[in-house]
Amino acid sequence: MISSAKVTPLVNNPDRLERRLKEIPAEPGVYLMRDGSDRILYIGKSKKLRSRVRSYFRNTQPLSPRIAMMVRQVAEIEFIVTDTEAEALALEANLVKQHQPYFNVLLKDDKKYPYICITWSEDYPRIFITRKRNLRKEKDRYYGPYVDVGLLRSTLHLLKQIFPQRQRPRPLFKDRPCLNYDIGRCPGVCQQLVSPQEYRQMVQKMAMVFQGRTGELIDILTQTMEQAAESLNFELAAKIRDQIKGLNALSADQKVALPDDTVSRDAIALAADANQACIQLFQIRAGRLVGRLGFFAEVPSGGIELGAILQRVLEDHYQTVDAVEIPSEILVQHELTDTELLAEWLSEQKGRKVTIFVPQRQTKAELIEMVERNAKYELERTQKFADRNTQAMQDLAAILDLPDLPHRIEGYDISHIQGANPVASQVVFINGTPAKQHYRHYKIKNPTVTIGHSDDFASLAEVIRRRFRKYKDVGAGLTDTISPQTDNLTKPALSREQGISNDFPDLIMIDGGKGQLSAVVAVLQDMNLLDKVRVVSLAKQREEIFLPGESFPLPTDAEQPGVQLLRRLRDEAHRFAVSFHRQQRSNTLRRSRLDEIPGLGFARQKQLLAHFRSIDYIREASVQQLAEVPGIGSRLAEDIYSYFHP
């Protein structure tokens with residue numbers, strides 16, 4: 001089970017392609033093409049999105065080899081509608097710089113563009129250039145990526161001249177600061193001559209530059225340039241003039257309809273039907289669109305005030321962001337239920353006044369209209385997707401003779417390479433949509449599964465036993481609690497009363513044929529759970545569905561909506577398993593064999609490698625030769641020798 005399974009490209013599914021093209025409006029905007037792994041392949045712009053995107057898939061129009069290769073990989077198309085073609089151009093430039101798609105002309109070179117990192121997780125934050133965006137520490141902030149590396153380096157060097165800050169990652173001396181402190185380049189961080197609070201305030205000023213707020217820095221440089229010119233130091237004045245030009249070039253980006261580039265603002269609007277509301281929040285910083293967030297909210301049967309939905313979304317959103325990311329203005333589509341309360345809370349969090357209002361004047365009102373149009377298109381697309389999901393679940397219920405729609409479906413798959421690094425995946429679809437918060441990984445613990453000897457049947461049996469072991473004690477006496485005839489609306493209440501939680505599936509799908517299915521059925525039968533949940537398997541070659549105890553597959557068509565739903569579940573389970581297997585394999589390759597020897601720490605590993613130069617020589621060494629290494633005693637030498645000579 002090592003072959004890759006991805007979402008089918010659109011060119012291989014003409015019906016899905018035609019439906020997607022019809023969803024794209026004939027308005028100006030930006031389109032994003034993604035492959036089966038959800039990676040962005042290409043970002044483009046057009047004054048008529050539908051015509052432009054459709055042109056990629058016309059057989060009569062010749063394409064360059066590069067674009068033809070890209071079209072064959074496209075599995076999904078997204079779009080953002082703008083008011084004018086100029087705005088589409090601005091947005092395209094910003095998105096290409098942010099995502100760096102492979103097939104855009106800008107990225108013909110395979111190098112990675114750098115980011116600026118500010119380590120707010122440290123008491124004394126560092127500012128440095130990096131090409132790796134490590135998001136393990138939530139407080140750290142990354143700005144970029146920047147295309148002009150030389151300009152970025154000169155700007156950072158300029159900032160270090162204007163704002164004294166730490167110049168070295170580690171102190172040069174133990175008991176005194178280095179020369180940078182004496183010349184005013186560093187405030188003495190290594191000896192803690194400046195408090196963390198004062199230093200962080202200084203770094204915050206530097207962060208404003210990379211947030212597009214260069215006004216303060218340019219004002220300082222302008223004053224310095226004028227003073228140099230008055231002192232007839234024209235060489236220094238010309239140098240500072242060039243530095244100001246560099247800062248302007250670094251922070252210059254295309255504008256999005258708003259001439260005021262000094263105010264950061266968010267614009268939020270929604271589109272709603274009788275069941276749900278789609279909310280779009282556009283983040284505009286220094287006059288440019290830097291991000292778009294999407295939210296969904298359920299609308300009760302009795303209806304709800306639209307301002308209340310916007311109020312709830314804003315409250316939930318701004319609770320998860322830093323104070324510096326709260327904008328000065330928030331443009332809303334409808335009056336909120338409690339505007340003053342939210343504005344006061346945000347102002348307190350930000351430390352500056354935050355205004356919330358419904359725009360009436362032309363420029364900002366048009367911005368809200370643009371956000372609302374994007375929300376409408378997203379809602380329509382989601383409604384069509386939900387309708388297709390409902391149709392797929394209805395068809396699947398008919399195929400499997402289920403009394404009700406399968407609300408929760410779980411899929412399982414195994415991934416390994418000839419028994420090495422065996423893992424399993426559990427993916428969950430709720431109402432036909434992936435619920436990634438419920439995904440789970442499993443490392444196979446079966447001792448018989450080793451390198452060169454794989455056993456997918458035993459691996460699946462182990463995973464199912466571990467997944468449902470908490471139901472084993474309650475399974476025997478619950479014949480009617482979670483039977484296929486139980487209504488989905490009453491099942492959660494019945495489950496809680498009898499000790500079964502709400503994560504019990506309506507249907508289990510196993511990636512494989514009759515053999516894999518039989519192994520899983522045996523486990524469920526042993527745990528007295530086989531009559532509580534339906535289980536099927538989906539074979540890859542002919543997309544055949546097998547039921548327990550049946551020798552032949554169900555008579556189905558591979559293109560039926562219900563079968564396609566199982567295929568999506570199977571492909572997602574396979575993708576999730578393969579990604580985890582690759583991660584485990586990479587960790588194994590990176591880990592030294594010396595790590596597996598008990599009692600041999602990192603320092604002693606360095607001593608061994610410094611003495612023998614390679615693991616091969618360590619393997620061939622005798623116990624006496626190993627004991628001669630400093631820090632390696634006779635007992636540890638015997639353990640090392642026994643490890644390589646079991």
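The model is predicted: local features need pLDDT of at least 70, side-chain atom pairs count only at pLDDT 80 or more, and totals for chains, interfaces and linings use all residues. Residues are numbered from 1 along each chain as its sequence is written, and side-chain values use heavy atoms, with hydrogens and water left out.

**The sheet**

Helices (H or I, at least four residues) and strands (E, at least two) are DSSP runs, numbered from the N terminus. Two strands count as paired if DSSP finds at least two bridges between them.

Strand β1 (residues 29-34) is joined to β2 by 6 bridges in the antiparallel sense. Tyr31 has Gly44 in β2 as its bridge partner, and Arg34 is bridged to Ile40 of β2. The two strands form a hairpin with 5 residues between them, and in the turn Asp38 has a positive phi of about 70°. On the other pairing, β1 and β3 are also antiparallel, over 6 bridges. Here Arg34 stands opposite Glu76 of β3.

In β1, 6 of its 6 residues are buried, and the strand is mostly covered. In a regular strand the side chains alternate between the two faces of the sheet. Gly29, Tyr31 and Met33 point one way from β1, while Val30, Leu32 and Arg34 point the other way, and all are buried.

Ile80 belongs to strand β3. Ile80 counts as buried, at 7% relative accessibility. Between Ile80 and Lys45 there are 35 residues of sequence separation and a C-alpha to C-alpha distance of 9.5 Å.

**Salt bridges**

A salt bridge is a side-chain nitrogen of Lys or Arg within 4 Å of a carboxyl oxygen of Asp or Glu. The whole structure holds 27 salt bridges.

| Pair | N to O distance |
|---|---|
| Arg34 and Glu78 | 3.1 Å |
| Arg373 and Asp83 | 3.2 Å |
| Arg466 and Glu462 | 2.9 Å |

Arg34 and Glu78 form a salt bridge. This pair links distant parts of the chain, with Arg34 in strand β1 and Glu78 in strand β3, 44 residues apart. Arg34 is buried at a relative accessible area of 14%, whereas Glu78 is partly exposed at 25%.

The side chains of Arg373 and Asp83 also meet in a salt bridge. This pair again links distant parts of the chain: Arg373 lies in helix α12 (residues 362-400) and Asp83 in the loop between β3 and α4 (85-99), 290 residues apart. Arg373 is partly exposed, with a relative accessible area of 22%, and Asp83 is partly exposed at 26% relative accessibility.

A salt bridge within one helix is formed by Arg466 and Glu462. These residues are 4 residues apart in helix α13 (residues 456-467), and so are separated by about one helical turn. Glu462 is buried, its relative accessible area being 14%.

**The α13 and α16 pair**

The axes of α13 and helix α16 (residues 514-526) come within 8 Å and cross at roughly 35°. The crossing is right-handed; a crossing is left-handed if the near helix is turned anticlockwise from the far one by less than a right angle, and right-handed if clockwise. Contact means heavy atoms within 4.5 Å. On the α13 side the contact is made by Phe457, Leu460, Ala461, Ile464 and Arg465, and on the α16 side by Gly515, Gln516, Ala519, Val520, Val523, Leu524 and Asp526. The contact residues divide into 8 nonpolar, 2 polar and 2 charged. Ala, Val, Leu, Ile, Met, Phe, Trp, Tyr, Cys and Pro count as nonpolar, Asp, Glu, Lys and Arg as charged, and the others, Gly among them, as polar.

Terms used
Buried < 20%, exposed > 50% of the residue type's maximum accessible area, 1.4 Å probe, protein only. Axes fitted to C-alpha atoms, helices over the stretch in contact; angles between N-to-C directions.
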